[in-house]
Amino acid sequence: MTPSLPAPHLTLAVCDYPEHVPRDRWTRYAEQQKALGLSFVRIAEFAWSRMEPRPGEYEWAWLDEAIEAYADAGLKVVLCTPTATPPAWLIRAHPEILPYDREGRIREFGSRRHYDFASPIFREHSRRITRVLAERYGQHPAVVGWQTDNEFGCHDTARSYGGASAAAFPGWLEAKYGTLDALNEAWGNVFWSMEYGDWAQIRLPNLLVTEVNPSHLLDFYRFASDTVASFQAEQVAILRLGSPGRFITHNFMIFETGFDHYDVAKGLDFVSWDNYPTGMLEFFSSWMPDEIKTDYARTGHPDLIAFNHDLYRGLLKRPFWVMEQQCGQVNWAPFNPLPAPGAVQLWTAQAWAHGADTVSYFRWRAATMAQEVMHSGLLRHDETLDRGGLEVESQDLTAMPLGSVPARVALLHDYESLWLYDVQKHAASLSYWAQTVTYYRALRGLGQDVDIVHPDSDLSGYALIVAPALTLMTPERAAHLEAAAQHARVVFGPRSAYRTVSGRTPEDGQPGVLAELLGAKLLNFDSLRPGLSVRVEGPDHACDVQSWAESYRLTGAETLYRYVDGPQSGEAAVIRKGSVTVIGAHSEELLRAVLAGELRAAGLSPEQLPEGVRLSRRAGHTLLQNWTSQTVNLHGRELAPVSFALEAQA
Amino acid sequence: MTPSLPAPHLTLAVCDYPEHVPRDRWTRYAEQQKALGLSFVRIAEFAWSRMEPRPGEYEWAWLDEAIEAYADAGLKVVLCTPTATPPAWLIRAHPEILPYDREGRIREFGSRRHYDFASPIFREHSRRITRVLAERYGQHPAVVGWQTDNEFGCHDTARSYGGASAAAFPGWLEAKYGTLDALNEAWGNVFWSMEYGDWAQIRLPNLLVTEVNPSHLLDFYRFASDTVASFQAEQVAILRLGSPGRFITHNFMIFETGFDHYDVAKGLDFVSWDNYPTGMLEFFSSWMPDEIKTDYARTGHPDLIAFNHDLYRGLLKRPFWVMEQQCGQVNWAPFNPLPAPGAVQLWTAQAWAHGADTVSYFRWRAATMAQEVMHSGLLRHDETLDRGGLEVESQDLTAMPLGSVPARVALLHDYESLWLYDVQKHAASLSYWAQTVTYYRALRGLGQDVDIVHPDSDLSGYALIVAPALTLMTPERAAHLEAAAQHARVVFGPRSAYRTVSGRTPEDGQPGVLAELLGAKLLNFDSLRPGLSVRVEGPDHACDVQSWAESYRLTGAETLYRYVDGPQSGEAAVIRKGSVTVIGAHSEELLRAVLAGELRAAGLSPEQLPEGVRLSRRAGHTLLQNWTSQTVNLHGRELAPVSFALEAQA
Amino acid sequence: MTPSLPAPHLTLAVCDYPEHVPRDRWTRYAEQQKALGLSFVRIAEFAWSRMEPRPGEYEWAWLDEAIEAYADAGLKVVLCTPTATPPAWLIRAHPEILPYDREGRIREFGSRRHYDFASPIFREHSRRITRVLAERYGQHPAVVGWQTDNEFGCHDTARSYGGASAAAFPGWLEAKYGTLDALNEAWGNVFWSMEYGDWAQIRLPNLLVTEVNPSHLLDFYRFASDTVASFQAEQVAILRLGSPGRFITHNFMIFETGFDHYDVAKGLDFVSWDNYPTGMLEFFSSWMPDEIKTDYARTGHPDLIAFNHDLYRGLLKRPFWVMEQQCGQVNWAPFNPLPAPGAVQLWTAQAWAHGADTVSYFRWRAATMAQEVMHSGLLRHDETLDRGGLEVESQDLTAMPLGSVPARVALLHDYESLWLYDVQKHAASLSYWAQTVTYYRALRGLGQDVDIVHPDSDLSGYALIVAPALTLMTPERAAHLEAAAQHARVVFGPRSAYRTVSGRTPEDGQPGVLAELLGAKLLNFDSLRPGLSVRVEGPDHACDVQSWAESYRLTGAETLYRYVDGPQSGEAAVIRKGSVTVIGAHSEELLRAVLAGELRAAGLSPEQLPEGVRLSRRAGHTLLQNWTSQTVNLHGRELAPVSFALEAQA
Ligand SMILES: [Zn+2]
Ligand SMILES: [Zn+2]
Ligand SMILES: [Zn+2]
C-alpha cells in the first residue's frame, strides 16, 4: 500500500482547481466529491500567479480556505508545486527562462511549460516557490502528499534547443569526458571533420545542414534528461525537508520520451501517470493503423493503456497512482469522441488490475475558460453530473483489493535504446515504440501479465525475459543478461545490441558483446517499404514479414525460422541458443508463434485471447475485460460490450 | 442601381494595367474594350512605383494619358489606391512597415501586401498617396469611382505577428478593458497562471509552447480586424473629401476570414469581391471532397460561388460588383484547368442573379511578366481574343435587369463565431465554413434564395432564419433572435451559443442565454473521426451522422430526432420549441429533411433540385442553371451542359 | 580512355577512409582491395580536421602513411579536396561562412556542406587547403587524380538564403545589367510596383508574402550557379598548377538542380557522379508512383539510373566515372532495402554500357561511427566481405571494353528551363524532371540509346532530337534548332519556348521566336488534376491525356492528333511541320506512339521492350538487361531475374 492510503482497496480522487470557480462553490463541491466516494483531491497545480501575484508577495488566504473546505468534507489533499506555469512577471523579468524549439525559436509565454530546465534563474525560483509552499502547507494535517510540477516533457519541453540549455551543454560534456580527445573518439567526430578543439565550439544538434551525428544527439538527450532529473531532485529534497511523512510523486505523461524516466523517478515515493485512453490512441500513437483507431475510438486500445500502466509501475517496481484519469472526452486530439458507456469503469478497473492504488479523475468541473473548455470533467459546465461522473458513482471499489501484480514475464525497456533507434529508424514505418508495443501486444494477446523493467534491474523473478529493441548494449549489460539467461528464457527482437554506449556500432560488428550469448553474428538487415515483404518458414508454419528482416551467421545457435525468398533467402531469421532466442524479422504472426512456444518452455500457460479481450491479474484476482462493442464469452462468463468481471485467480 | 451605373441592366468592366504594356497599345486596347461591350475599366491597382518612383516625386503624365485613352473610347474609369504594393524605396527607408508571419519571421519585399496595417509610418504614407491621388484625379470627369487597396487579408496578411502589431496590441487591450483585472477575468487567465500584471507583458498569441487561450486569440483577431477597418476608414475619408460624387468600394476576397467584413465594409458605397470559381474550389475549399473538386474542376462549385455572392451582398444589404471575374484559367491553385465552354457566361449570369450590378473581368491582356504570366486574360499574350473574351463578346446583357434578390431565407453569419469555432475545432474534419456552407448548400439544393446576414442585423423580412454555427452568443443577440422567432421560423445548427462574448463558456452551461428560446440545455457533444458514425431516427426517416453529434436535456422543447446507437443512444438530436428548431447532428441528409420541413412550415416552397442544377432569382426573373456536363431538363426547358436560361418569375 | 586508365576495359575502385579505422588495418585493407580486383582508391574526402587540426598546423604523417599503404599494394590514389567539411575551428572563427536555409535560418556546424559558396573568407580557406594539399601530394607517383569537394548542392546547399550570398547578389546583378532600368525591365518589376531604385534594395527571393517573381528567382539561381562554378574553377586552377598530369573531376549528385552542371563541369577532365539506385528511386524521385517504387525497390528503376548516366556523360560529351556506387543498402531514404542478388553486378554493367570507364564503390568498410553507421560497404562492420563485395569479386571486367556510346538520339536538357518550369508548375503533378524523364523512358522503352545534351551544343550527329521541356528560348537557340532540323527529326514537348531569357513570356505569345519552326502559335494550355483527363485522337489510335494539354493555332503545321473532348475539343494536340513535331499533351501512351513513328522516320529501329527489360550499347556490344524478378527471354537468350548478358552489336 502506498503511503497514506486510507483503505485496503482501490481509492479514488479528483483533480480540482478551486481558483477556477467562485468561492461559493468550494464547500458544496467538496461535499459532492466526498459523496461520490472520492478520497483525495489534487489541487494548486497551475496556481503560481495566485500564490505569488507579484514578485515576493504571497497570497495564501484563498488556498488556506480551499484546503479547509476539502478537509471539512473529509477529503485528503495532494498539493502540487506550480512550476509548470511560471507567471508573466517572472518571465518578463527573466525572458532567458524561455525555452527554444527545434527550429531555434523562443517558445513564448501564453500557455504552459514555458521554461528551460537548465535555466539557473528559473531553478532558483522553482526552489523558492517550492520552499515557501512546503513551509506553509508541509505539515498541514489535510495535506498527505505532493505532486512535483506537471507532466515533465509534455509538449516536447524536456529539451530546449538554445538559450540556457545551449550554454550548459558544453560544461556537461566536459564533466563527462574530461578531454576533447575522449569526446571526439566517443562520437566518432573524425567522420565528417566534426572534431572539436574547444568545448565552446560544441552546439546543440539542431538546425544542421543534414543528418545529425547520433552520438551527439545521444549525449544531448542524456544532458537534457539529467537536467530534468536534477530539477526534480531539487524539489524533492525541499519537500522532504519541509513536509515530513508526506508522499512525493510526479505525474508522468503517456509515451513521453524526452528523458530517462528511471532516473527522474528516483527519489519519489511512488510514480503517477496521466491516463487519457482515447487521446493516447488518436494523438500519441502515430504508428497504430487507422482501422484500429476507428475500432477503439471510444475506449482507447487496451494494450496501449496497459503498456503505460506496466511501464510506470516498473519505474520503481511499486504500485502507482493514475493522477489524471480521463472521465469523458478530451479536447486535444484531432478527434475527441465520447467514451463508450462503461469505459470509465473499465479504465478504472484496468488501472487497478495493473497496480494502481488510486485513480484520480481529471477534472472535477469542466473548465469554463481558456484552453480546455472543450475538455470534460465529472461535472458539466452547468454543474450537473456528467456521464463519467455517473459511472464513478456506481463503481464498486471493495472488490478491488490492493496487492501485487504476479507477472512472470519481464519486458526490457531502455530510453537510451529508444533514442538511438528513433534517430535512425532506417524503415520509416518502424520506431522503438512501434516495435516494442508489438511485442507487448503479442504477450497480452497470449494472456500474460508483464512487468516492463529496465534491462539493468534485478531480473531474478522472471521466467521469461523479452527484450524487443535493446539497441544499446554494454559489457556490463551483456553480463547481466547472461546471468539472467541461466534461470529464465530470454527473447531478443531485431536491432538488439546494434550500438555501444556512445552510439557507435561495435568494432567487431553487431551484436558485439552479446555475440557469445546469442551464438550468432549479424549478417544483414533489410528495410521493407509498405508493399514489400519477405517470407519466413519455421518448423510448423510460415508467414510474411513486414518492415524489417535481419539475418544471422550462426556461431553456436541453431535456426528456428529461415527466409525462403528475397535477398536473404536461405538465411536464418529466428535463432536459438539454449534458453536464448533471437527474432530478427518483424511480424505479429511470427511473434505470437515464437512467444507462445517460449511461454510454454518457461512453464507459463499462454492463452490465446480474442481480439479486444484481455486478462489482467492482481492480488489473487483476474480481471476479465471486454473492450469490444460485442458481447463475448470468456472463462464461462458472458461479458457485455465494454465491461469487465472479476474472477478469483486459479 | 449602384452609383454611376450607365444602364438599367448588368454592365461589364475589365481590370487593366496600362503600365504593363507599351504606350502604343493604349488607344487600341481601349477601343477594343469598348467594342467588346465593356463600360468600365479598373486601373492603377499596383502602380505606386510608377506614380511615385522616388520619395515625394510624383509622375502623372503616364496616368493622365492612360485615363485619356479610356475616356476617349467612352469608358469610365475606376481608380485604385495603390497601397497594396508599397515601393522598395519606402520599405527600405522604413523596414518596420514589413509584417511578420505566424512563425515570427519578417515577410519581405518582393511580391505584394508586404505591410503591417498597424504601422504608423505606413499609415502616414497610405494617407499621403491617397490624398495626392484624390487631389489629382478626384474630380476627373472620366473617373467614376474608387477601389481602396486590393484584397485586404489575401495571403494571410490581415494579421501581423510581430513588429507594429505587437507594439499596438497592449494599448488596444487597455483601451478596451481599462483594468488588467477585467482582462484577466475576461480571458480566464487564472487557468494556467496566465494572469498579467502589466499591459506590457502581453504578447501576440503565436509561438506558444502549446494551445493558445482562445480568448487571447479572439481579442487579437478583433484588434487586427479593427486595424484593417481603421486603415480603410482613413482612405475612405480622404477620398470622400477629394472626390465628391464618386463611389468608393473595396474588392474583398473569397472566404477571407482575417477581419470582420461587416466592420470593414462600413462607409463604402457598395461592396465588391473577386470571383475566381475554379481557384476557389481547388485552393480555398479544403473541406470539399476530392471527388467534387474533380467533377466541378472546370466550372467551380455553384454553391461556393453563390455563397460568396450572397455573403458580400449581405455586408451592406445592397447590390455589389464583382471587381475581378475569372475569364480563363488562374495560375495560383495546385491545378488550374481551362474553364468549360460556357462557364464565363454562366458565372456572369449567376453573378447578376445574385445581385451584381457590374462584373469586371480580370484581366484585359494576360501579363507577359512576373508572378502571373500563367494567368489568362480576355486577350492572350499574343493579343488575340481568348476563349473567355469570345464568351464576353456574345453575352446578352439586356436580359439581366437590375433589381433586388427576393430572398425569404436568412442565413446568419458572424466572424467572431468563426474565429472561436476554428481555434478549437474539436473534430478535425469540421470548420466554421465547412459547417456553414453545408447548411447553405442544403438550402440551395431546395431551390431557395438566401441572404447571408449578420445575426445582429434587421431580420424582420425573413420567413426562415438559419443559424448554422452561431458559436458566440450575448444577451442582446439572444433577445434579438427571440424577437425574430416571433415572426419567423428559426433553425440553429451544432455548437450554437457555446461561447460568451469573451470566448469563455457560459457559467450555467451551453447554450447559456439561449436556453429559454431553445427550450433545452446541452447534454454532450461527440466528435467523430472518419469511419465512426452514429445514427439518428426521426418521425419519417433515419440517417447516419458524421463528424459531430450533440444531445440535449429538454426544458420545454420536444424531440424530433433521437440517437439510436452510440453513447448518446436515446438522447435528443434534433429538437423543436415552437418556431425554433435545433439540429445537433451533422448530416447533409438530415439537414435537407429538416430544412425542407421548415421551409414548408415557413410558407415557402422547397423544390428538390438535381445535383448541379440551381435556381437564382432577381428582379422578377429566375435564372435556371445547369452546372453539369450533361444536358438536363428543368421547368420544361432543356439546358445544355454548363448553360443557363432566364424564366419570368411566377 | 580517361586519363590514367590502367586497362582497356572497365576498371573498379573504392571510396576509403583510412582515418576512420585503426592504422593496423591500412595495409591489410589495401591488399584486400587489390585482391578484389580494384584499381583505384578515393580518399581524404572529409579529412580536413585531420589534415589541419588547428589553424595553420598541418599533419601529413597519417596521410603519407595511408597513401604509401595503397601504393605498396599496387593501388592508384584519387585525392579529394576536403572542402565539403570545414572544421569547427574555422567555423567558430568565421561563423559568417555558414549558409542560410530558405526559412532564413543559419545552417549550423555538425554535419557537412555547412558553407556558403559566396563567402570570401571561406573561398580564401578553400584555396589555401587546396594549395597545400596540391603542394604536398600533387606529384606523388601514386596520386593519379583529384576530386574537388564532394557532391556540390547536396542537401540543398547550392544556394544560401542570407549572409554572404545576400551580400553578393546585388553586385552580381549590377555587373550583369549595368542599370536598374535594365533590371526592372528584364524582371517586369512594374508588375506589382517591385521596381528598384538602388542596387542595395534587392534581397534574395525568399520569405516573401506570396509568390516570387520568376525572373527574380531565375537570376538568383544563375547567381548561385555562377558562384558554385567559380568556386570549382578556383580549385581546378590550383590543382592544375600543383599537380600536372593528374586528372581533375567532381562527383555530381543524382538529379541535383541547384546549379547549371554544364557550367560547373567546364575545366574538368571528366565528370563523375554518385550512383545510389535504391535511394534515387525512394528519395529523389517524388514523382514516381508508389507501385513502381515497390516493384523496383531492390534494384532502383533502370531508366532513372540510365538517365543520370546519360546526363553526366553529356556534360562534357565524354566517358565518365561513377565515383560512388551503391554496393549494399543506403541509410538515407525513408526505406533502405537490401539490393536484389545480382543488382550490384547489373548496376556496374549498366554503368559501363552508358559510358563509365571506372566504377568506384562506396565504401570499403561500413562506418562504425556517426551519421552513416547504417550504410553498407564492401566489408561489413565485422570486416567480413558483404553481399556486394562478393558480387564485385566475381564481376567479369574484360568483357566490358571502353569506347563510345553510339547514340543517334539526343534529348535536350537545360537547367534554366528546369528552374523556370518548376517555379510555376501550374499542375502540381508535373515538374521538369517528371516530364523530361517520361520522354526518356519512352525512348528507352523503344530500345534507344540516348545522349542527354545541352540545347546549344553541337547537334550534328543525331538523327532524332527530342526537347521534352525546353521552356526557355532565345533567338540564338531557335536558330540553332532550325539548323538542326535541316538534318534531323526534332520533337518538342509541352511548354516549349514559353519563356524568354529573362523569364518573361514572349511579347508576341508562345512559342515566340520558335513559331516559324513549329508552324504554329499556342492557343491554350490546360492543367488537369488527378481524375480529370481529356482524349486525343490521331490517325491510328486514341488515348487519354493526364496533367497537361495544350493546343495550337496552325500557321504552317498540320495536325496529327486532335482533342476530341474537353474545352479544347477539335483543336490540335500534336502537330508537325516538315521534320518538326510538337506534342502538346502529356501521355505516356501518346508519347510512345509518336516517338516510335519519329524513330522510324529518322531511320532508326524502335524495338518495343517489355517492362523492366532494357538495352544499352557501347563499343560494339549490346548489354541486355533484365531488371525484373522474373526470367525473361530477349534476343533469343534467357535472362535470369536481375541479370544481364552481352551481345555483339549487329
Ligand atoms: Zn495535467
Ligand atoms: Zn486582384
Ligand atoms: Zn559522397
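This is a predicted model: local features need pLDDT of at least 70, side-chain atom pairs count only at pLDDT 80 or more; totals for chains, interfaces and linings use all residues.
Residues are numbered from 1 along each chain as its sequence is written, chains are lettered from A and ligands numbered from 1 in the order in which they are written, and side-chain values use heavy atoms, with hydrogens and water left out.

The unreviewed UniProt entry assigns the feature "active site" to A:Glu151 and A:Glu324. The two span 174 residues in sequence, yet no two of their C-alpha atoms are more than 10.4 Å apart, so they gather at one spot. UniProt positions are given in the numbering used here, feature names are shortened, and annotations may be inferred rather than shown by experiment.

A:Glu324 is placed in strand β8 of chain A, whereas A:Glu151 is in the loop between β4 and α6 of chain A. Helices (H or I, at least four residues) and strands (E, at least two) are DSSP runs, numbered from the N terminus. A:Glu151 is buried at a relative accessible area of 4%, and A:Glu324 is buried at 3%; buried means under 20% relative accessible area, exposed over 50%, and partly exposed in between (1.4 Å probe, protein chains only). With residues up to four places away in sequence not counted, A:Glu151 touches residues including A:Arg112, A:His250 and A:Glu324, where contact means heavy atoms within 4.5 Å. The side chain of A:Glu324 also makes a polar contact of 2.9 Å with that of A:Arg42. A polar contact is a pair of N or O atoms within 3.5 Å; within protein, one must be able to donate a hydrogen and the other to accept it, and residues adjacent in sequence count only if both atoms are side-chain atoms.

A:Asn150 occupies the loop between β4 (143–147) and α6 (163–177) of chain A and is buried at 0% relative accessibility. Among the residues that A:Asn150 touches beyond four places in sequence are A:Arg42, A:Arg112 and A:Glu324. A:Trp332 lies in the loop between β8 (320–326) and α13 (343–353) of chain A, and its contacts beyond four places in sequence include A:Tyr276, A:Phe283 and, from another chain, B:Glu211.

Between chain B and chain A, 52 residues of chain B are in contact with 57 residues of chain A. The size of an interface is often given as the accessible area lost when the parts come together. Here the buried area is about 4900 Å², with 55% from carbon and sulfur atoms; it is the accessible area (1.4 Å probe) that two parts lose on being put together, summed over both. This interface has seven salt bridges, one of them joining A:Asp290 and B:Arg529 at 3.8 Å, N to O. A salt bridge is a side-chain nitrogen of Lys or Arg within 4 Å of a carboxyl oxygen of Asp or Glu.

Turning to chain C, 57 of its residues are in contact with 52 residues of chain A. About 4900 Å² is buried between chain C and chain A, and in chain C the residues C:Phe335, C:Gln371 and C:Met374 lose the most area, together 16% of what that side buries. Seven salt bridges cross this interface, including C:Arg50 with A:Glu195, whose closest N and O atoms are 2.6 Å apart.
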